[in-house]
Amino acid sequence: MASPSKDNAASKALDSLKNHHRSIDVVRIFQELITGNRAALGEAITLIESTSEKHKKPATDLLSKSLTVSGRSIRIGITGVPGVGKSTFIDAFGTYLTSIGKKVAVLAIDPSSPISKGSILGDKTRMEKLSMDKDAFIRPSATSTTLGGVARKTRESIMLCEAAGYDIIIVETVGVGQSETAVHSMTDFFLLLMLAGAGDQLQGIKRGIMEMCDGMSITKADGDNRKKAEFAKSEYTSALHLFPEKTDGWMPKVNTCSALENNGIEETWKMIQDHYHWMVSRNIFEQRRHEQDFEWMNETLKELVLDQFFQRPEKMKKLLDLKEQLLKRQITPFQAAEIILKA
Ligand code: GDP
């Protein structure tokens, strides 16, 4: 249930929206959004994902109003190579969370979609149980021409989901090395799903991704695979001890799970909660969120500056002129960049 201060903040935000957008649907969307209406949440995300100029202002307004009622959730990043069992795990994990009274939103960052327009995460029918659950909201990856664009929209979607009252936000990505840093920089807990036994235990997933994780779960720990999973758990536990200590001092935990048999799901939630309480008790939780906001502002600033720069015709003209000289090796790339900057 919404707290009085949340209600108050929401009603103030709504009043100021009414003054700005008498003719558009932003007021209705916001009003329905904060009552937890899933269709309105979908509509809100579509609005912020829109690249149309005319949607920019209402989208910005909707976001700044949502900011006043967002921030109260645990944000969990989940990654792992294709086939490790992410969607099956999230289906079981999300269903467990709704069974204990949580509202769960699942967003995806799919690095393949900007590049190939194809999607590793979005194609299959995924999370069958959770997609039928009234307390869950599942949204496939935003599309954008850049990973930075997808990441920004996912961050904004997190805010909207929080404004709609979702307590747990899961951001899923494929563990192929491009989008993990982005997901790590927008979540409170970063969970890495791993398979047991494929030859060298540390193969297949980049060391940098392992260093980022707050917890690891060895998937498919059922049937003949159970023993291998237990073995992998102890291997990874030792491996994590060899990594440099995380800046916040947290020692990542490892467990095993089977989404098919519903084992280890509750333990994974306990691991995340332990981490949450650990962070809160040391005042690290808020601090990490503040750092993330600051990072988000910096990244957006860089994007905006770049956009503005390349929209200036004199820069583009100079760029094309110099391209020729660059190809003929009459000038170095560094010199060319300096000339364009000064143009
Ligand atoms: P994703 O590509 O990481 O999303 O992986 P999926 O969730 O689609 O799972 C890949 C395959 O592993 C599917 O055939 C699943 O049925 C299977 N799988 C997923 N979780 C488990 C599990 O807990 N136990 C077993 N035995 N198989 C699983």
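Which residues have the most contacts inside the largest nonpolar core? I began there, in a predicted model where local features need pLDDT of at least 70 and side-chain atom pairs count only at pLDDT 80 or more, while totals for chains, interfaces and linings use all residues. Residues are numbered from 1 along each chain as its sequence is written, and side-chain values use heavy atoms, with hydrogens and water left out.

**Entry 1: the cores.** I found L41, L160, C161 and M216 at the top for contacts in the largest core, which has 50 residues. A nonpolar core here is a set of buried Ala, Val, Leu, Ile, Met, Phe, Trp, Tyr and Cys residues joined through side-chain atoms within 4.5 Å; buried means under 20% relative accessible area with a 1.4 Å probe, protein chains only. Helix α8 (residues 147-163) gives the most to this core, seven residues. I then looked up L41: beyond its neighbours within four places in sequence, L41 is in contact (heavy atoms within 4.5 Å) with L33, F137, L160, C161, A164 and Y166. A second, separate core has 25 residues, among them I74 and W269.

**Entry 2: strand β6.** Next I turned to residues 215-218, strand β6. Helices (H or I, at least four residues) and strands (E, at least two) are DSSP runs, numbered from the N terminus. G215 and S217 point one way, M216 and I218 the other, and all are buried.

**Entry 3: its partners.** Strands pair if DSSP finds at least two bridges between them. I saw β5 (residues 189-194) run parallel to β6, joined by four bridges, with L191 opposite G215. On β7 (residues 253-256), N255 stands opposite S217.
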